[in-house]
Amino acid sequence: MGRVTKILNDPDNLLCSVEPGNMFFNIVVPGDLNKILNFFMEIKSKGTAIGWDINISTPSGPLTFHVFGGLFGDDIEIAASDSWDSAEHLFAELTRFNYEQGDIIRQISKEKAKLQADSPESSLSFYNEFSQMNNELVNMQRELAKKNQELDRLNKLKNQFLGIVAHDLRNPLGIIIGYSKLMLDPAAGVTDEEKSDIAYRIHKSGKFMLGLVNDLLDIANIESGKLELELSEQNLVEVIRANIEMSNLLSPSKSINICFTAPPGPIMTLIDRPKIDQAMTNFITNALKYSFPGTEVEVLLESNPSYHTIAVRDQGPGIRETELADLFKPFQKASSKSTGGETSTGLGLFIVKKIIEAHGGEAGVLSTYGKGSEFFFTLPV
């Protein structure tokens, strides 16, 4: 009926606002009520619901959880964590405790009691044999549950890929076909000036499509575990300056100044230079997209004994607090609009996060809606 019967484990007391007997929906952020209803409907229809991202109200504010659920007898049991791996592990444990081994153990106990009267030795041998078989069954069921969860996750990712390709490639392809057909039609009477504008639009659409395909290939490599680093010692000051010089080619149309005050001396560390360039380019390009003309983008580099922090701060529209937790997930976009009509695939920040995590660092964002945003990542010293 949607009522909490028992909280098995909540070490950080995140669910202090709900007690057994209360409705589970009470802890869900209002905007996700429809999502949690669909989560329960999937459990009802399929028996499980794997890896749903649902925002939960906690004492410190809304927090995005990865939520796994399953139907076990008359109960729905749920495992949730802000880490996918932790939620998956918790649900695997729930699954292990709830599968058929409970019935098997009860059957073994009956057989043991029956044999005990005839022969204690045969009873013990019988019990040990079936206990071993049951342990093997438990391990097989646990692995099967993990494989099913991974298959479900990959299937959802595949569907997202197909959706993004169908949606985001259709429009630029339509533009290219339409404009090229116009240029090839002698009766259209296209002037040289118009041809130049059409060529620019075709080039822009083709460039977007190439960027999307590159992002999809990067995602495919990340998901298959093929993200490999070629580390070399680099000066982060030079890396940042080179990225700013490249990005300055994109900013004159908006008259946006990119400023960087370099710390004294070189800042040396081991990185994969092309991948860190990719992360830096994403941050700076996004800052330019969402900055207003005539404003400033600031690039920061700070170091302490443990790690270096690179940040890009803009004076754009900012991002709503409820959207911050999802920004580094694939196919996620904030509701804030770019200031020059620039497009986005919703994949760049996810790729940055994976690149930085592969280096042993972290990526994050700070933002005040209406005042601007600061995207940052850390690299170990």
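**Close-up views of a predicted model**

**View 1. A salt-bridge network joins Asp 53, Asp 326 and Lys 329.** A salt bridge is taken as a side-chain nitrogen of Lys or Arg within 4 Å of a carboxyl oxygen of Asp or Glu. Across the whole structure, eight salt bridges are found. The model is predicted: local features need pLDDT of at least 70 and side-chain atom pairs count only at pLDDT 80 or more, whereas totals for chains, interfaces and linings use all residues. Residues are numbered from 1 along each chain as its sequence is written, and side-chain values use heavy atoms, with hydrogens and water left out.

**View 2. Salt bridges of Arg 273 with Asp 277 and of Lys 275 with Asp 272.** The Arg 273–Asp 277 contact has an N to O distance of 3.1 Å. Both residues belong to helix α7 and are four residues apart, about one turn of the helix. Helices (H or I, at least four residues) and strands (E, at least two) are DSSP runs, numbered from the N terminus. Arg 273 is partly exposed, at 23% relative accessible area; buried denotes under 20%, exposed over 50%, and partly exposed the range in between (1.4 Å probe, protein chains only). For Lys 275 and Asp 272 the N to O distance is 3.6 Å, and Asp 272 is buried at 4%.

**View 3. A salt bridge between Glu 374 and Arg 313.** The N to O distance is 2.8 Å. This pair links distant parts of the chain, with Glu 374 in strand β10 and Arg 313 in strand β8 (residues 307-313), 61 residues apart. Glu 374 is buried, with a relative accessible area of 16%, while Arg 313 is partly exposed at 34%.

**View 4. The tilted aromatic pair Phe 68 and Phe 91.** Rings of Phe, Tyr and Trp (its six-membered ring) pair if their centres lie within 6.5 Å; planes under 30 degrees apart count as stacked, over 60 as edge-to-face and the rest as tilted. By this rule there are nine aromatic pairs. In the Phe 68–Phe 91 pair, the centres are 5.9 Å apart and the planes form an angle of 35°. Phe 68 lies in strand β2 (residues 61-72) and Phe 91 in helix α2 (residues 84-98), so the pair ties together parts 23 residues apart in sequence. Both Phe 68 and Phe 91 are buried.

**View 5. The tilted aromatic pair Phe 283 and Phe 375.** Here the centre-to-centre distance is 5.6 Å, with 50° between the planes. Phe 283 in helix α7 (residues 273-290) and Phe 375 in strand β10 (residues 372-380) are 92 residues apart.
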